[in-house]
Amino acid sequence: MTETVVPVPGTRAAAPSLLTMNGIGKSFGSFVALAGIDIDFAGGEVHCLLGENGAGKSTLCNLVFGIHRPSEGAMRLKGEAYAPSGPSDALARGIAMVHQHFSLVNELTVIDNLLMGGSRGRLDRKAEARRIEALAEEFGLALAPFATVGDLSVGERQRVEIVKCLMRRPQVLILDEPTAVLLPDEIGSLLTVCRQVADSGCAVVMVTHKLAEIERVADRVTVLHRGRVSARSDRPAEEIPALVSAMIQRPAARSGEAVVGAIALAKRKPAGPRPPAGEAMQLDGVSFDDRTGVRRLDAVTLSIERGEIVGVAGVEGNGQSELGAILAGLARPTDGRWFAGGRDLTQASPREITRSGVGIVPEDRHAVGSIGKLSLADNLFLNRMRQFSRLGLIDRRRQMEKARDYIQRFDVRAAGATVAFGSLSGGNQQKAVLARELTTPNLRFLLAAQPTRGLDIGAIETVYGLIRDAAEEGVGVLLVSSELDELIAVADRIVVFYRGRIAGEYPADPVHREAIGTLMSGRSA
Amino acid sequence: MSVASRSAAPPRLPPGLAGLLLPVGAVLAAFAVGAVAIMALGVPLGEALTAFWRGAFGNAYAISASINRAVALALVGTGFVFAARAGLTNVGGEGQIAVGGVAATAICLAPGIADLPLGLAFLVPLLGATLAGGVWGALAGFLKVRVGTNEVISTLLLSFIAVWLLYWSVQSEALLRQPMTSSATLPESLPIPVTTQVPLLTGSYSSPVTLGLPLLVVIAAVTALVLSRSIFGFQLKAVGLNPVAAARAGIAVGASIVTALFLAGAMGGLAGGLMLQGEQYSLKAGFSSGYGFDGLVVGLLARNSIAGVIAGALLFGFLRSGGISMEMGASVPSALIDVLQGLIVVTIAGAAYYVDRGDRK
Amino acid sequence: EEPLTVGILIPGSKSDKGWMESGYNGLVAARAKYGDKIKVQMIENISYADMGQALTQLASANKLVIGVGGQTQADVLKVAPRFPDVKFSIVGGNAGAERPNVAGYDVKQAEIAFVAGAAAAMLSKTGAVSYVGGMEIPSIVNAGKEFGNGARYINPNVKYFESYTGNFDDVAKSKEATLAAIAQGADIHYHILNLGLRGLEQAASEKGTHIIGSYTNYCGTDPLYLAYSITGVGYQVSYAIDQAVAGTWAPGYKPFGLAMGPEASTIAVCAPTPEMTEKLKAIMEDIKSGKIKVLEG
Amino acid sequence: MTLELVAIFLASSFRLAIPLLFAATGELVSERAGVVNMSIEGMMLAGAFGGAIGAAMTGSPLLGLACAVLAVLPVALLQSVLTNTLRANQIVTGIGINILVLGLTTLGYREFFGARSRTTIPGFDAWPVPVLSDLPLVGPLFQQIGMAWLAIAIILAVGAVLTMTGLGITLRAVGENPQAVAKAGRSVLALRHGAVLFAGIMSALGGAFLSIGDIHTFTEGMTNGAGYLAITAVIFGSWKLGRTVMACLLFGAATALQFQLPALGLGIPNALLIMLPYLLAFLAVAGLVGRQTAPRALAQPYWP
Ligand SMILES: Nc1ncnc2c1ncn2[C@@H]1O[C@H](COP(=O)(O)OP(=O)(O)OP(=O)(O)O)[C@@H](O)[C@H]1O
Ligand SMILES: Nc1ncnc2c1ncn2[C@@H]1O[C@H](COP(=O)(O)OP(=O)(O)OP(=O)(O)O)[C@@H](O)[C@H]1O
Ligand SMILES: [Mg+2]
Ligand SMILES: [Mg+2]
């Protein structure tokens, strides 16, 4: 990770507040997402919002940006009443927002995305492109204006989102978890941009789960818990443990490195029976070409022992997704073979793969791992419904019994087994997917792709605990994550993916962090 | 730290009740509009209503004819609901009826069929119609799986193609047109032999409900059970809601799609077979009479409930009978029935919002 | 005395300017003639699947049921045996499938089409004439053939173009078909169309050519038309009612055409020369006497 | 085929394509914005009816055209409010509206024109383009009524707006990712309402071309499936303007061929020719004419 020079935070003179929220509340139907929120954002500061999944951070941002209207309370912008009727209002008043989920149109070019929603009249794309390039240069955000957004990497898309906001020269810039999908390098430069923008007098509001980012850039922090402000800090870098405990409403037993610490604890192997020896999974020269003929995976060879956790580090888009699709049986390698427990599964269907004792926690739990409109109980047995078959009909009673058992064992918190899966919070959805995959009969290999993305610390802890337990029982685990710290904390060894190849391998030890980071960015170590 | 409080829920109709009130309300509203229109046309309302009643329920024949029509509509609608469970919209009912009718006629007129024992004489052509409709539907499924063609588009196009194939088959003596005994021979098939006609339940033409009714009851019951309780129904639902996740879970997504559209088409084909072998007895261009589209609307309005399909089919079946009678008895143009039908569809489709708002996502 | 109850089924639209409208005209005429002595129920625009039911309803409430068009025949033959006391008349009915209570009135459009062809050849300045038919069904195709024969009877070198749009009611197609013929020189057009006739009219009025109408004589109302071939669809409707009122209604096949007199079938040239009138009269006599043989239908 | 026949064939293909060009261009815009209007058929019929009534009552085809647009507004509004505001299923709504409009125009036709009116309706006369219309072979192509040139002008304008203006990219974006458009500060509903209204007005022009442009009459259900054919053309054209226009012309040619083949003495069954556009479109969507890429949010209601 390259260090970027960031002014020491928390030392700025208190600036006049630009935007204030007084007694703001927001309910969705009977569900109260926010209540009694008092908060102010000042020009020149980077104000971070911290909180568990579902704490109400995105909701708060959406209120400021006019996507939702508050149920109670009032906002003031530069002393004037501010009640946006929609994003267009907010934009007109100088408020811009980068959303948690991209709001780009993949089919359009970068420049069209930037111009979309702007003027309605005739476009002079060339002139606009020059203007945008100048702006991008000012902030060090390189863009190819005529590329199609769908072809861009995640990091590049994030840049488009930010330039889209900066183009409007906002007074308040809101960033909702902007770093969740970025690689260390990119995070560094994004934080620099935030600083730069704040220095120009703008209020930067940033939602994040990453304490390291707070340490580096936050001037102030507000912590939300279940829709209320549970703590504030004007010198966050020094108060990390307190912030963490305010966030999860538990005493933070561990130090500032809360996440990593929590996981490190899970990593400690208890003295138990040794896992059965033998190979769990083997990749033998696996290559994959996408539909346009681009090589996405290039002769990947890797072998995982039972009981071993192998981490895959790498910037997203370097072949991890393709590997995940192949192991899930949703894509076939162009070349090479792969095995689990000695069985060749190269051409196997998802069903045969599951039967061979392979569990898959896909990186996209909504699109691949679950069906939001089906019940929790149905999702727990999505691939194993037949076990409840009686004359072709489903024995619902037996299914519910078993579902309740799983819900208890895996600590899935939900109103019941029959609630829609989609109504669970992210962490609980992930726990349910893990419950299903970890109970795969004769499980010997588990792929866990980005299992903690978007989860809060409490949930991350549980998820890694479950994965760790599985490894101890002899399951070989391939753990794909974009969080290098997590990989170092959880895995036994780490392979680095770059451009579809294994660029190198290291033991999972913090001393190799620099080297791994370098490999991830494509430079040789 | 205090936990966010939960305020009392605003009153909302229970989904089941709303789901029932909605269509009933829409129908009543449409009828009210119809009554106004009738008076605007200068027809005494009482006279029109009497004629409507007589035509819809006045005698055993009227009731039977309405039921037969409802059976055809309900079959198409049931097929629609079946496909809808897998997330597929089958708008090809008209074409599936047409190919069903063509196949049934061809088999009925094939040598030897009329002499088959044990009712096979009418069962074999019906089966042929069912298969033909099924293949027509499966074609769209196959395309969807193979090239990703949207089934709304392919079933609609296949429908138009089938309608003109039917036209061709009764125009050409090499196909199904009856031999030209005189130069005035109409472009129709020969009448099918009596043994291949679908038997009437009462055996009397004055109450000509065909065997199609019990057949429908069985099919509807089995469909309802399969969709709500079976593994297959669960798999269809999974495929419909999220095909990628379903594939990952080991469900054969492609096969499910083809099967669902095959079954939907098969029910359309069976409807065609019943219309031909149970009522019309000879094949003519246009014999499908728009029932495919009416059946589609019935399926759409039923909003995934088989009971809803039956109710909608009966409504449309009796509505048309009453409409015919109203035109004859009270000179109210039966185009008014189209207006009512359109209004019902539009009202229910629009009001669905208020019912679905609660349970989305 | 009880009025005679009459049920009439018009499969298409009663205002189609063609066959259906002609049939409806016959009903209007009968109503004017008999006043309260008949009581009529009518239904139009009926698809095949509903036809049996519509006929049954008509039959259960009326003494006489008239189906206007050959397309009603199959269903009439199905319904009639269940109502032995009801008389059924099919306008445009064919020979065959006799029933004790069914009468089939054959319109014989081919005869008058031959005469129309002769008239067209006499009226044409370019020596080219055309015909547009709706469906390719025998009576329509035969009429087309005989129209050509009639034209050639007058002028062996006449150029004759015929086409079929597949639909009696498709205006756009009949317009295009006529334009194609006009492009090749045709200046007199004949047709058996219903709503589609409007397209033919439009083509002719754009290009300054003329039409011989079918079914009903409207001479003097529209300069586009130089003549009308009268096909007594309406006459047959009135005929059925006349016979039933008089108690002389009889089942069985009955050919109409020229033999039944000018009300059933004749040609009306709007501004004829005396020679023309003579010649056409002679042709009609020759057809009646069998000297000129025309196709059936 | 003589040259003259070729000329007639070309002109006839073009003329038969014009109503499709209007309606398909409108539907293209609407589908690019994410809304499928199965009701194009009904909208065309409403336009044809309104045009006929208007022209008959005022005696002026131009006012008739205005009435066509007026007549379609409630229909398009109904479609738009149902599918966009109330988020009703777009297929159901469209089919329901088609049934409704067919019933209403049939009733209305009888009320206005009386059951058996023989009055002709004033319509547009041809507007031959000087010089060009006298050319051999292609001359007849240039002897169309003014509406034909209007269609071409609108198509060019739509092409320009879609590719070169901010409105155009926003419109395309709303069919791919409406959430992104909302967050960019534009109203998804307003854009979609606009697109559906545009489709309605274009369909009305197409319908009016039938009733007061080409034929000068109204008949019950006179659109005869042209609306479905227009939707087919959009699909066949893979949601691209140029290709959709080509598809309309191709369908026009396939229909025109029906009247040319008999003249050439070719015995191809009529049914096959009528089927041809559908068959072609089917082969296209079956992947035999390249891949089809529909707008991603097509037919999906927008929930903020
Ligand atoms: N439109 C909505 N309708 C109903 N409930 C909602 C809606 N939007 C948010 N919620 C609920 O409000 C709560 C707060 O959600 P919000 O998205 O603000 O959480 P968050 O703090 O951003 O979480 P995360 O870290 O997962 O992004 C959650 O329980 C969420 O399910
Ligand atoms: N869209 C929604 N509609 C209704 N209820 C929701 C919705 N989203 C979430 N909920 C419910 O709101 C509650 C709060 O969600 P929240 O994300 O805070 O859960 P949580 O217990 O903190 O889980 P986790 O620790 O995994 O984030 C949960 O009970 C969840 O089931
Ligand atoms: Mg939580
Ligand atoms: Mg959030």
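**How the chains meet**
- Five pairs of chains touch, and the pair with the most contacts is B and D.

**Chain D**
- Chain D has 11 helices and zero strands, where helices are DSSP runs of H or I with at least four residues and strands are runs of E with at least two.
- Its radius of gyration, taken over C-alpha atoms, is 19 Å, close to the 19 Å that the globule rule gives for 304 residues, so chain D is as compact as a globular protein of that length. That rule is 2.2 Å times the number of residues to the power 0.38.
- Of the 304 residues of chain D, 64% are buried, meaning under 20% relative accessible area with a 1.4 Å probe, protein chains only.
- Carbon and sulfur atoms hold 72% of the roughly 9,900 Å² of accessible surface of chain D, computed by the Shrake-Rupley method with a 1.4 Å probe.

**Chain C**
- Here you will find nine helices and 12 strands in chain C.
- The radius of gyration of chain C is 19 Å, in agreement with a compact globule of 297 residues.
- Buried residues make up 67% of the 297 in chain C.
- Chain C exposes about 9,900 Å², with 52% supplied by carbon and sulfur atoms.
- The centres of the 26 positive and 29 negative side chains of chain C lie 2 Å apart; Lys and Arg count as positive, Asp and Glu as negative.

- T439(A) sits in the loop between α15 (426-438) and β19 (445-449).
- At 15% relative accessibility, T439(A) counts as buried.
- Beyond neighbours within four places in sequence, T439(A) contacts R384(A), Y406(A), R409(A) and F410(A).

**Confidence in chain B**
- The mean pLDDT (the predictor's confidence in each residue, from 0 to 100) of chain B is 85, and 91% of its residues reach 70 or more.
- Residues 1-13 of chain B have pLDDT below 50, and this stretch has 20 contacts beyond near neighbours in sequence.
- Where pLDDT is low, predicted coordinates should not be read in detail.

Technical notes:
Residues are numbered from 1 along each chain as its sequence is written. Chains are lettered from A and ligands numbered from 1 in the order in which they are written. This is a predicted model: local features need pLDDT of at least 70, side-chain atom pairs count only at pLDDT 80 or more; totals for chains, interfaces and linings use all residues. Side-chain values use heavy atoms; hydrogens and water are left out. Buried means under 20% relative accessible area, exposed over 50%, partly exposed in between (1.4 Å probe, protein chains only). Contact means heavy atoms within 4.5 Å. The place of a charge is taken as NZ of Lys, CZ of Arg, CG of Asp or CD of Glu.
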